[in-house]
Structures are given as C-alpha cells and as structure tokens.
Amino acid sequence: MTHSDGIVKPKTKRSKRFLDGRASKLTEDVKTAMIMKGGNSNLTVTQALKDIYSLKKPNAVLYKKKNITRPFEDSTSLEFFSKKSDCSLFLFGSHNKKRPNNLIFGRLFDFHVLDMIELGIEKYVSLSDIKTSKCPEGTKPMLVFAGDAFDIDNEHKRLKSLLIDFFRGPTVSAVRLAGLEHVLHFTALEGKIYMRSYRCLLKKSGCRTPRIELEEIGPSFDLVLRRTHLASDDLYKLSHRRPKARKIIKKKNISRDVFGTKFGRVHMQKQDLSKLQTRKMKGLRKRRGATVANDQDAQAPKVAKVES
C-alpha cells in the first residue's frame, strides 16, 4: 500500500480487499472486543478475563501476553491495538495494591477512546466453579438491568450503555424461542453492581407456553464502581450520528413507538349520522297506520291552557 496526500492506495488485490473491509459501511459489522491484561495481574483477573472472553466469543480477541500500559494515564497503546485488530470495544484487567482486581470496560470512536469505566472485583465465581451445562458458544444473550441508578445517575447510565454495547452480540431480525436461553442480569444496589449469568430452561407447563426456570451457570461478579472517563456531550452525540442513507424520513401523520411499531393517523370529514345507512330489520319497521297518526298529532296546533 502507498500513501499519498494522506490517502492510502492499495497496490495488490489483497490489500484492496483489506481496505474495503475496514472502510465505513451503512450497516456496520458486529462490534469486536479486545481483551488484555496489564503488567501486573493475578489469577483472579486472568480467570475473569477468560470467562468474559468465553461469553463474548467469537466476537472477541484475547491477548495472552502482558501489556504494560495505564489506560487512564495514556491510551495511545489501546488505540494502536484497536486499529490493528479492528476492535471498537476493549476490556483491560490489572491488579495492584491501590486498586486490586481491577477491570476497565471501554469503547472507542474512530479509533480514539470514547468512554472508560473502571470496576473493582469484590467477589467472583468462575465458570468452572459452577458445575452445570453451559450455553453454546456465540449465543445471543438477553440483557436485564435492575436498579434505579441505571435510570437516574449519569455514570450508571453510561455504564448501562457500555455494557449493552459490549454484550449485545449481532443484530438479528428474528429469534426462535429455543434460542432465548442465556440471560445476563445486572443489578445496581447500594453502590455496587451485581452481574449474574443464567441459562433458561423450558419446562412443560400443560399449555402451549412453556414454564421458564433460571439456572445459574456463571460467571458471577460483585463489582464496585471506581474511576470513570466519560466523553463530552458533544462527542457522545457525534458518535451517535447516522448517515443520511440510514436516516428515517419522517412522514406526516405516521409515528413509531420505542419498539418500532408503526402508527398512522387518518383525518376524515365530519359525518352526518342522521343519513347513516343502518341494517334494516323487519322487527324494527313501524306500522303504516301508526306512522300516519303520529304525523297528524305532530301537525296539530297546540293550545295553551289558561288557568283562571
């Protein structure tokens, strides 16, 4: 590939295919995460990274070597690795005396760090510690968030958005009932965040709708919120911009709700209900003699009574 005036021009067909794969698209590919550990990491952090990698597979890259970097002080190495592996999400694990069992979730926009949130592990149960059958690799999870903090506090709102980006998986048009078998539950309570992973079991219920039971499969985390690096409101708004070809053109009297259901409003002229044609029934017909008598009574002049 050759560089001229800041534009990269491919020399071979292979490099052209590589650049076409990295180019901007109207429908972007599934977000890939890179998972790495710092220069100091213990067994708990290493095993936690492996378990999260198993939940994120196949849309993840696990770096096994240690990377001596501090994301909150200098993020250039993270941006370099994200550009090299074409990843827009990252998870960095480290351990030291000041911040033990540390996990940093983050995402990038245009290969620059957008958001970073640091979480500390207080209690951890790995996948191997829970002896149950697991969900198949690549299963799209259902994400459940409980707690008022996810709707009130700004940092928890960004954390919720970041976790949705990290674990949501590919966008699909339809899901079969048997495919809804993995649940990731996040609870914000008393300054802590509890992450649990369940498997949905479809049991017989005696009717068409099955009875659902949840079985914990791991991993299990008790996390505490530490440092945060949040993007400004302008940059955050810029990262949500849609291309013109993907923008929904607003049409008059047509709206959609949060679930995408389409609603239309129809305007009609005022109707004269006296001329409305109704169904004719024999039992509702009036007799001819009674009709004539009623007409004569209606036409007869009314005489007012004068009391003496």
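This is a predicted model: local features need pLDDT of at least 70, side-chain atom pairs count only at pLDDT 80 or more; totals for chains, interfaces and linings use all residues.
**Exercise 1: two ring pairs**

Classify the pair Phe80–Phe81 and the pair Phe145–Phe186 by their ring geometry.

*Solution.* Start with what you need: a pair of aromatic rings is described by the distance of the centres and the angle of the planes. The structure has 8 aromatic pairs. For Phe80 and Phe81, the centres are 5.6 Å apart and the planes make an angle of 65°. Planes over 60 degrees apart count as edge-to-face, so that's the label here.

Next, Phe145 and Phe186: 5.1 Å centre to centre, with 15° between the planes. That angle is under 30 degrees, so the pair is stacked. Where do the two residues sit in the chain? Phe145 belongs to strand β8 (residues 142-146) and Phe186 to strand β9 (residues 182-189), 41 residues apart, so the pair links distant parts of the chain. Phe186 is buried, with 2% relative accessibility. To finish, zoom out: ring pairs join Phe145 and Phe186 with Phe105, Phe150, Phe166 and Phe167 in a cluster.

**Exercise 2: charges over rings**

Find which rings have Lys56 and Arg158 over them.

*Solution.* Take the lysine: Lys56 lies over the face of Phe166, 5.5 Å from the ring centre. Then the arginine: the charged end of Arg158 sits over the ring of Tyr236, at 3.8 Å from its centre.

**Exercise 3: a walk along α5**

Check the span of helix α5 (residues 154-167), then look at what lies at its start and just after it.

*Solution.* Helix α5 has 14 residues, and at 1.5 Å a residue it should span 20 Å. Its end C-alpha atoms are 20 Å apart, so the two values agree. At the start, a side-chain oxygen of Asp153 comes within 3.4 Å of the backbone nitrogen of Glu155. Just after the helix, Gly169 has a positive phi of about 80°.

**Exercise 4: the cysteines**

*Solution.* The cut-off is 2.5 Å. The count for the structure is 0 disulfides. As for burial, Cys135 is buried at 16% relative accessibility, and Cys200 is buried at 11%.

Note on methods:
Residues are numbered from 1 along each chain as its sequence is written. Side-chain values use heavy atoms; hydrogens and water are left out. Rings of Phe, Tyr and Trp (its six-membered ring) pair if their centres lie within 6.5 Å; planes under 30 degrees apart count as stacked, over 60 as edge-to-face and the rest as tilted. Helices (H or I, at least four residues) and strands (E, at least two) are DSSP runs, numbered from the N terminus. Buried means under 20% relative accessible area, exposed over 50%, partly exposed in between (1.4 Å probe, protein chains only). A charge sits over a ring if NZ of Lys or CZ of Arg is within 6 Å of the ring centre and within 35 degrees of the ring normal. The expected span of a helix is 1.5 Å times one less than its number of residues. A polar contact is a pair of N or O atoms within 3.5 Å; within protein, one must be able to donate a hydrogen and the other to accept it, and residues adjacent in sequence count only if both atoms are side-chain atoms.
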